[in-house]
Amino acid sequence: MQTHRKMNTNAFLLAALALVAGPPANASPGEGDALAIRAEKLHVGDGTIIENGIVVFENGKITEVGKGAPVPKGVVLIEHAGHLSAGLIALREQAGAVGESNDGTRAVMPEAQLGYAYNPRHSQVQELLREGITSFVIAPRPGSLVGGRCSVVKVGTEVIRANAFLSICTGSNGLTSNRFPTSLQGSQAELERRFAWPKGEFLAAVKGDLAVMLDGGVTRAETQHAIAFARRHGLKGMLVGSTRLGELAPKIRAAGLGVAISNFSPNTGRRVVEGAVALSKADVPFGFALGAPYNHPANLRLTAAACIRAGLKPGVAMKALTSTAATLAGVGDQVGSVQVGLAADLVLWSGDPTDPGSQVMAVYVDGDEVFQAEDDDENGDD
Amino acid sequence: MIQQFTRFLQRIAQSHLAFTLGLFGCVFLLSASAQAGEKYAIRAGTVHTLAGDAIPNGVIVIEGGRITAVGAADSVKIPWDAEVLDVPHLEAYPGFVEAHTSSGMDRPNESVQVAPFLDVRDSIDPVAFYFEDCLRSGITTVNVQHGSACVIGAVGMVVKPYGMTVEEMLVRPRSGLKISTSPGRGRSRATQAQTLRAAFTGLRTHLEELVQEKRDGKDYARREALYQGRDLTGEGGKGRAMSSKGWTVEGLELVPRGEVDEKQETLLDLVEGRVPAWIYCAAPMDVRLALEIATDNGFLDRTTLVLDDSCWKAADLIAEAGVSVVLDATLVRTETDPKTEEEEEVFIPGVFKEKGIPFALSSRNSTSESLWFQAAMCMAHGFTRAEALAAITTTPASMLGLTGEVGSLSVGASGNVLLTSGDPLSVTSFVEYVVIDGNLVYDRSKDVRTQYLLEGVVPEGTESKGEEPEVVEDGRKKAGDDGGSR
Amino acid sequence: MAGATSGLLAASAANSNPGSDPADQGNATQGDLVAVRAHKLYVRPGTVLEDATVLIRDGVIIQVGTDVQAPEGARLVEGDVVCAGFMDPWGSLGITSGGTADSSTNVATRTVDVVDPYVHPWYRNQALAAGVTAVRVQAGMASARGGVGAMLSTAPAVDRAGMVILEDSNVAAALGISQGGRTPDVFSRITAVDKLVKDIGSGRDYGIAWTEYAHAMTEWRAAIEKKEAELEKEFKKAKKSRDKEIAEAKEKDKEFKEEKYKEDKQPKKPKVHAENAVMARVASGELPLVVTVHRAAELRALLSGTAKYKRLRLVIAGGTEAMAVADQLAERGIPVIVQPTPMGASRPDEYSEHDLALAGRLSEAGVRVLLGSSGGGSANLPLLASLAVGHGLDRDKALAALTSEVARTFDLSGELGTVRPGRRADLLVLDGEPLLPTTSVRYVLSSGRVLVSPDSTGSQD
Amino acid sequence: MILTPMLQAACLTLCLPTFQQAPADGAEVKAERASAAAEVTVQPAAPAAADLRIHAGRVYTGTGEILKNALIEVRDGKISSLRPGRSAPEGVLQVKAVTAGMIDLSARLNTGFSSVEQVTEVQPHLDVAGSVNLYDKRFARLARTGVTTILINPLDRNVIGGRGVAVKTHGPMEIEARRLSSRAILRGAIGTEPSSANHPAFGRPTDFFSRRPTTRMGVEWEWRKAFFDAVAATRLPEKDFPGSAELRAALAGERTLMIQAWTTQDIRTAVYLDEEMQREGFGDLDLVIDAAAEAWKEPAILVRNGTSVVLPPHSPGGRVGDGAFFSWNTAKLLVDEGLTVCLSAHGAGPGPSSLGSQAGFAMRGGLTFDQALASVTSAPAALLGMADRLGAVAEGMDADLALWSGRPFASTSRVVGVVIDGAVVVDPR
């Protein structure tokens with residue numbers, strides 16, 4: 001019974017034990033120490049896969065990547081019988097910030113900064129690691145016209161980009177029944193007023209210094225309006241929340257917007273995955289929004305898998321989970337791919353990361369091992 | 001009578017119209033009942049018998065409530081002592097037939113789920129506005145059935161929309177038992193079907209037990225006699241053997257029918273084919289259950305389906321089973337393809353016509369969706385006038401087993417005649433007079449409510465005083481003008 | 001009747017179901033031969049044939065092997081990997097939403113009565129395209145007693161008979177399920193368990209009562225017949241003595257008294273009780289009892305309470321905290337239908353301990369694991385199954401959980417779940433290993449009919 | 001925006017009837033159920049001469065005349081020629097009768113609560129266009145009943161809800177491209193509806209609904225206050241408020257003011273408001289009363305002020321909104337008084353609830369055919385200020401046509417085809 005299940009993990013283990021003095025726990029180095037991992041398949045993040053690629057990192061940064069990358073003397077080399085990729089990135093989350101991520105009193109509060117609502121120690125945040133998610137965009141819950149400035153945060157550590165997006169709802173997601181605005185035309189009039197003589201964040205948005213996270217609303221008409229709005233004011237950034245992306249892919253492309261694809265669920269599922277396929281055809285850059293904690297962290301990969309099942313190229317899905325998401329969030333130079341100089345946010349998988357059937361074996365954030373598949377501990381005693 | 005009038009008075013509160021209605025109502029009712037049984041003749045511009053060609057300036061003679069002669073003025077002799085309605089400017093049509101309704105009742109639904117022992121007779125309200133509206137819109141025969149919120153409802157009856165008492169209104173008692181295959185609130189089709197089947201298995205077990213008791217009793221008696229050395233003067237079964245196209249219980253002849261639980265009697269009548277069934281289906285899948293129940297219990301050939309508009313999808317199934325149907329008042333249904341979200345409009349009578357299924361149309365209200373308008377809609381969708389008219393006259397008549405009685409103007413039929421200002425299916429023509437059983441029961445020139453609705457004529461002393469008080473009778477709100485069933 | 005009706009329905013649904021491709025009907029004509037050739041054939045999870053052929057006649061597998069030759073005129077379907085069609089043991093596809101939501105159901109309620117052949121075939125096509133060929137459906141899913149469940153085929157229905165594979169696959173009950181956001185309190189939860197155990201008991205007693213009655217009746221009849229024979233023999237004598245007595249009575253001018261006749265009473269017939277009648281079939285082990293239960297406390301109570309019913313066949317649905325009783329489940333061979341759906345922060349109370357690793361852990365502990373959608377959309381079940389693999393469930397076990405194990409649990413091993421002669425030809429032809437997102441379903445056969453093929457619209461959904 | 005014929009064809013294939021891409025198998029579905037379904041297919045590539053040619057047994061032009069066996073030619077979305085007494089050439093669309101596409105000024109096709117800004121009662125500066133959902137199925141449903149142009153207004157939950165927008169029921173999927181260049185209509189309401197959400201502060205947690213008005217009186221007061229403030233604002237800039245210009249435009253008669261008023265007392269209030277503005281010398285409102293159910297009770301008030309009305313759909317019992325009683329001869333009564341009368345259906349239902357049937361019911365109430373035709377075509381076109389483009393069948397007019405199976409408005413005939421801006425939206429074949 002037991003042995004059968006362990007097959008896939010043992011390979012990794014024995015290898016590790018063979019090469020490293022002491023159990024893998026000790027293999028995880030303290031700050032400053034260097035570590036090298038050789039994986040059967042190394043997903044760089046730009047779509048290329050290096051067979052038996054080696055990644056070397058030190059002080060939390062990647063120092064070497066490649067098939068024959070030199071491993072400095074004294075640096076432990078972990079053999080991983082599986083895949084290695086950069087940590088996954090989720091694009092619109094409230095994990096650990098429920099109730100803190102939306103101010104009900106005002107419809108427009110561009111000065112609010114979501115980074116201040118981030119609690120890195122919150123259990124909802126820690127759970128993300130078990131599914132290989134190492135960074136996410138913390139965003140306001142819908143319900144305001146302008147909910148604030150979204151921040152990119154790293155799981156368990158700090159805010160890595162405070163002003164990533166200005167969150168704007170042009171559709172009925174921004175409406176409430178007991179505070180201005182209660183109507184679509186009301187919210188539009190208000191937003192137009194803000195952008196007519198833009199100041200502060202709005203000016204930054206118009207100038208392109210501050211990207212927008214544009215809630216596409218519920219209906220196709222609302223999404224279409226959101227796109228038109230972005231075009232009218234020359235806004236850059238990404239569209240979120242819409243389930244009618246498929247039909248509108250060309251328009252989105254024309255507006256030069258990116259997209260955060262909403263979480264896959266049995267009801268909205270079909271539209272979501274069809275949308276993803278259409279977007280990649282229209283080569284619109286897109287990543288995935290998980291919607292934690294309202295959705296389980298595993299949904300990020302599940303959504304990607306559903307898109308692949310519907311015809312999305314696995315390579316594109318992989319990028320959407322990592323590098324494209326990082327680029328959309330403006331942190332492509334820090335995370336999202338396995339490249340020299342970037343943070344050592346790495347995930348070791350038992351198989352292909354886009355296969356929900358692959359297990360997360362270990363997760364490194366800034367070079368520290370922050371998660372290990374539990375059965376490894378179990379092995380300790382048998 | 002007294003009680004009837006107190007009810008009139010109660011109504012006065014209900015509407016500022018009620019008062020005049022009350023007067024107008026009893027005026028014609030009294031005058032009418034005065035004429036009952038006398039000879040009556042109608043001379044009309046054209047007589048549309050729907051039993052042959054139309055007769056230009058035709059004459060209809062009615063004696064003792066029945067038509068004794070129909071024909072051209074020159075060929076038919078009007079008895080010297082007949083009262084004559086001389087209306088050459090009007091057209092004569094047979095009264096329309098409402099094949100199934102739950103209007104005109106005090107309350108259409110009994111809270112007991114299985115109640116075959118009830119009779120709508122006890123719930124019909126002779127002074128309900130509904131019956132008055134029937135006259136306005138040319139409906140002279142109505143099959144009143146228990147509402148559809150039941151499993152097995154009461155036995156219904158066919159009435160004419162005129163008369164001060166149910167007895168006066170009666171055309172045909174026990175016109176059928178109401179069955180519903182569609183669940184009420186909080187229940188599902190599974191439990192509905194369960195209760196429905198249980199009702200029949202319950203009947204069966206009951207009969208079997210009766211027979212068993214009788215048998216055991218007889219056997220015991222025989223043995224006792226043997227023991228005592230008596231000759232047993234064996235007496236045969238006092239009852240009647242069971243006969244049904246469905247299941248039968250052996251030896252029911254041993255049981256005098258009087259010993260059958262009266263609560264079960266009507267159900268037994270149904271199984272033995274003495275009472276027809278009106279089965280309501282709210283979804284195509286219910287049709288399957290309805291037919292299954294009707295077949296298993298042997299009353300398929302006496303079954304009429306009362307269909308929701310969604311049931312057109314089950315048309316083939318219905319055609320195969322060869323039953324006739326009463327269609328919902330909604331004639332155009334919009335279906336949406338879940339994948340493409342594309343909408344399609346389905347004209348429901350068209351589907352049933354194509355499959356050759358006999359169907360009757362039904363009213364939703366007294367004007368914009370009354371039988372005449374429904375038939376007109378059929379013509380708008382390509383039906384011939386004959387086809388359209390049949391669906392509100394002869395077809396429903398045959399469903400009620402009243403072919404030749406109502407729905408057409410032929411000798412021997414009851415004297416129910418409409419006199420219309422023009423084509424009765426035209427939105428601009430009106431029912432001017434209605435004659436039922438040779439009595440003039442409706443005269444539009446005296447119809448205050450129609451005048452108010454169509455001409456805004458407010459009769460003196462009936463001007464509305466602000467909001468209308470709602471009439472509460474034994475704690476319940478009364479059904480309104482078009483008190484529906486569902 | 002059923003036959004007759006189904007015939008009619010066959011006609012009806014064919015025209016009235018929009019999108020039902022007439023070509024589909026063509027494939028299942030009598031004497032129809034189909035040969036399915038695969039590089040890799042999963043006879044059953046764990047048993048694999050290389051370059052094997054499956055021969056199908058009239059929707060039934062007649063030959064399987066590496067040496068099987070496809071005869072002339074057989075339709076040839078080729079692919080990389082072939083396995084049995086997936087089955088969702090805990091779905092709602094093909095029955096009305098009202099049916100699943102009904103809370104007024106009881107043990108005798110029949111799920112087949114909420115089977116709706118008129119739902120748009122597109123919904124079923126989606127499940128088919130994902131490789132799901134059968135679904136166990138249940139009326140009154142959250143109801144204390146769901147009634148008799150059924151196994152349905154997902155093939156675009158032409159009638160109910162065509163949809164229903166097994167009309168009494170099980171009896172269902174639910175314990176401690178929140179309804180309308182409200183969670184039953186702990187006491188009523190435990191009482192509910194006792195009630196269920198009691199019901200099983202009365203079911204068993206009911207069964208016994210009837211067998212005893214039948215027995216007693218035969219004895220009584222025999223006795224009475226014997227007595228009757230004697231009486232007939234004695235009749236003349238009795239008549240004589242009677243006449244004599246009457247005469248005597250006359251003389252003595254006394255009133256004649258008939259002699260009292262006695263015989264032993266006819267045994268009492270037990271009262272007919274529809275629900276107990278069904279529960280009797282459960283108690284005797286004829287029908288499995290699927291109990292939807294999540295919390296450890298109720299699971300423990302249920303297991304200890306039912307321990308004395310040796311022939312009872314329990315199946316646990318949900319079993320969120322089943323690890324607490326894993327050893328008992330393993331020992332008594334009670335399968336658990338795990339719901340491998342990821343759940344976010346806002347989830348019903350009974351699911352609060354829900355963990356994607358459950359399936360893996362249970363099967364590691366030796367518990368038989370099935371995977372079910374819990375009515376959340378059978379089309380996504382294969383995807384969710386792979387997620388279970390990603391959280392520790394062995395791949396073959398996951399495959400079994402969707403095929404052979406389901407068939408075994410609901411007494412369908414002889415018909416479904418494996419690719420063996422005599423089985424119903426519900427097959428998947430894949431272009432890669434099952435349960436991989438990159439693997440696409442090329443063909444789906446349902447009792448020999450090719451319902452999904454690379455060029456059919458179904459597979460696009 | 002005028003679509004070229006090819007574009008129209010393309011747009012049709014894409015859009016019919018739900019304005020969403022219909023995949024191939026969608027077509028099969030239709031084929032299968034052609035018998036039962038009201039077929040909707042696409043006009044094949046039209047002959048070079050005209051984009052579209054229709055031959056009609058009778059054309060009810062809307063100018064009082066009836067052209068027999070008329071040939072209608074359409075070019076670039078306009079009627080390019082209209083010639084009676086022609087035989088039908090090969091392959092043209094043939095129908096029994098043709099009228100101008102119908103116009104509903106009270107189709108009530110808004111997005112409900114998200115279509116009215118309730119932060120304050122008076123929002124004249126807002127335009128409902130921002131909330132319109134052109135993908136709403138009801139547009140197609142309306143088109144199927146022969147309604148080709150509608151006025152969309154905000155939900156009547158405010159005293160002054162804002163500006164309405166007039167659009168065709170089929171066309172480009174951008175609201176600004178669909179908007180008809182007409183003088184916008186300002187929408188408001190009198191009666192119980194505008195105050196229905198409001199309540200006094202005490203008891204409930206205070207939100208902005210704890211405010212006036214909570215009564216008819218309050219509503220009337222809001223109206224007068226709004227206009228007085230708007231006028232005052234010209235002198236005292238500090239008193240200015242958003243939308244005051246709109247109100248002044250209404251006073252100047254540059255904007256039509258459409259007020260919903262069901263009952264006779266509310267109709268009075270509306271007219272008195274207009275008359276008061278005139279007395280005050282503020283201006284003269286171009287007033288249209290919507291849902292004027294009880295106009296039959298006191299027509300004199302309307303006549304004296306020359307107020308136009310839009311009537312609600314007929315109800316079987318006569319009871320309609322706000323406790324009003326709507327008698328079926330109302331249209332006849334007002335038309336005979338020389339008022340401009342439009343009919344409306346308050347929805348997109350087929351059969352008896354369609355606008356065509358409403359015209360029929362008005363005829364049951366005494367309206368002549370020509371009057372009925374006018375009340376659903378030329379009259380509403382005039383109120384929109386678009387009589388030069390809509391509401392009649394004549395050369396140079398928009399090619400918006402309703403194709404009938406028989407005599408229009410008769411209960412025994414129906415709309416079998418629809419043309420909008422020259423595009424065959426519903427094909428009778």
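Reader: Which backbone nitrogen does the side chain of C:T109 reach?

Author: This is a predicted model, in which local features need pLDDT of at least 70, side-chain atom pairs count only at pLDDT 80 or more, and totals for chains, interfaces and linings use all residues. Residues are numbered from 1 along each chain as its sequence is written, chains are lettered from A and ligands numbered from 1 in the order in which they are written, and side-chain values use heavy atoms, with hydrogens and water left out. The side chain of C:T109 reaches the backbone nitrogen of C:N106, at 2.8 Å.

Reader: Is C:T109 buried or exposed?

Author: Buried means under 20% relative accessible area, with a 1.4 Å probe and protein chains only. C:T109 is buried because its relative accessibility is 0%.

Reader: Which residues does C:T109 touch?

Author: Contact means heavy atoms within 4.5 Å. Leaving aside residues up to four places away in sequence, C:T109 touches B:A190, B:T191 and B:Q194, together with C:G146, C:G147 and C:V148.

Reader: How is the size of an interface often given?

Author: It is often given as the accessible area lost when the parts come together. Here buried area uses a 1.4 Å probe and is summed over both parts. Between chain B and chain C about 3,900 Å² is buried, carbon and sulfur atoms giving 58%. Of the area that chain B buries against chain C, B:R223, B:Y227 and B:R288 supply 18%, more than any other three residues.

Reader: With which residue does B:R223 form a salt bridge?

Author: A salt bridge is a side-chain nitrogen of Lys or Arg within 4 Å of a carboxyl oxygen of Asp or Glu. B:R223 pairs in this way with C:E228, the closest N and O atoms being 3.9 Å apart.

Notes. Buried < 20%, exposed > 50% of the residue type's maximum accessible area, 1.4 Å probe, protein only. Polar contact = N/O pair within 3.5 Å; in protein donor to acceptor, adjacent residues only side chain to side chain. Buried area = accessible area lost by both parts, 1.4 Å probe.
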